[in-house]
Amino acid sequence: MLVTNPLHQEVRDRLARFADVTMNPGPEPWPRQELLRRAAGADALLAFMTDHVDAAFLDACPGLRVIVCALKGIDNFDLTACRARGVAVSLVPDLLTAPTAELAIGMMIALGRHLRAGDALVRGGGFTGWRPTLYGLGLEGMAVGILGMGAIGQAIARRLAGFGCRMAYADDRALPPETEVALGLTRGPSAAVIAESDWLVVALPLTPASLHLVDAAALARMKPGAMLVNPARGSVVDEAAVAAALEAGKLGGYAADAFEMEDWARPDRPRTIDARLLRHPRTVFTPHLGSAVSGVRLAIEMHAAEDLAAFFAGRPMSGAVVPPP
């Protein structure tokens, strides 16, 4: 069995009870050719966000029987190719939901209330007492639009309800009416949700339909000064268009925890974050910290380990998205 990133000791001990484990000690992922060399003889792969499994990967690893992904977003893994080659795949369906939603709220507050600029002012020695400066955008009474109302979208909405926001969402599937009432949500087409929001939050997986959903045309429909927050997948947003909207003063600010460069399944993805975004003062960025809570990461890894144990014992994997043939 090959593990592509470091694990907690408890998880390593669990795997050692039923498998011969080779693990990347990290923290940097192996280059693809090194990963393929190590995976060539493996029958199982415990994979992470840094990995990209496509048909070429699978063809280079003919003994591979199962891939367990310590993550929720599966866009970097070609499930069709896995199914065609009889490789089972599982993921962790729910443990990332709450911490990702928490981070989304934190990013909204950080962006709207100028926490980045305020911290720099204090640390730089420029703060000598209260002054009428750094007025920002709060959450109470604001119109918040959420693109996507799966588990993470609903978790974000539950947390925002306590702030007294007016919330709308866009999703191909409507929530049950009683759920909409309980969360204080109204559903509308994405164009209307985008146009009417003071805050727009992306909570969508990356699919062909969601790729660059928030593009230059969508940004042009947003209210002047509206805020955009992306805790989901980088490529749902066109980062170049966001940079242009920020520089033009159209967009009030952008916060992101995920970036286009991470979306390995896109051969045309940018290889770096747009420099205009990095230098713009009205941005808040975190390095994909959605699930970076110690207890949560341990639970995610252990869930993956238990799915591997189940596979080798001939039991169903709880997170299976491609069952064994």
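1. Accessible areas here come from the Shrake-Rupley method with a 1.4 Å probe, and for residues only the protein chains shown count as cover. By that method the chain exposes about 14900 Å², and carbon and sulfur atoms supply 58% of this area.

2. A word on the source: this is a predicted model, in which local features need pLDDT of at least 70 and side-chain atom pairs count only at pLDDT 80 or more, while totals for chains, interfaces and linings use all residues. Residues are numbered from 1 along each chain as its sequence is written, and side-chain values use heavy atoms, with hydrogens and water left out.

3. Now the overall build. The chain has 13 helices and 13 strands (DSSP runs numbered from the N terminus: helices are H or I with at least four residues, strands E with at least two). Its radius of gyration, taken over C-alpha atoms, is 21 Å, close to the 20 Å that the globule rule (2.2 Å times the number of residues to the power 0.38) gives for 325 residues, so the chain is as compact as a globular protein of that length.

4. What share of the 325 residues in the chain is buried? Buried residues (under 20% relative accessible area, 1.4 Å probe, protein chains only) make up 50%.

5. Have a look at helix H1, residues 9-16, where Val11, Arg14 and Leu15 are buried. Seen down the axis of H1, these buried residues fall within an arc of 95 degrees (from the directions between the helix axis and the C-beta atoms), so they line one face of the helix. They pack (heavy atoms within 4.5 Å) against strand S1 (2-3), strand S3 (44-47) and helix H13 (294-312).
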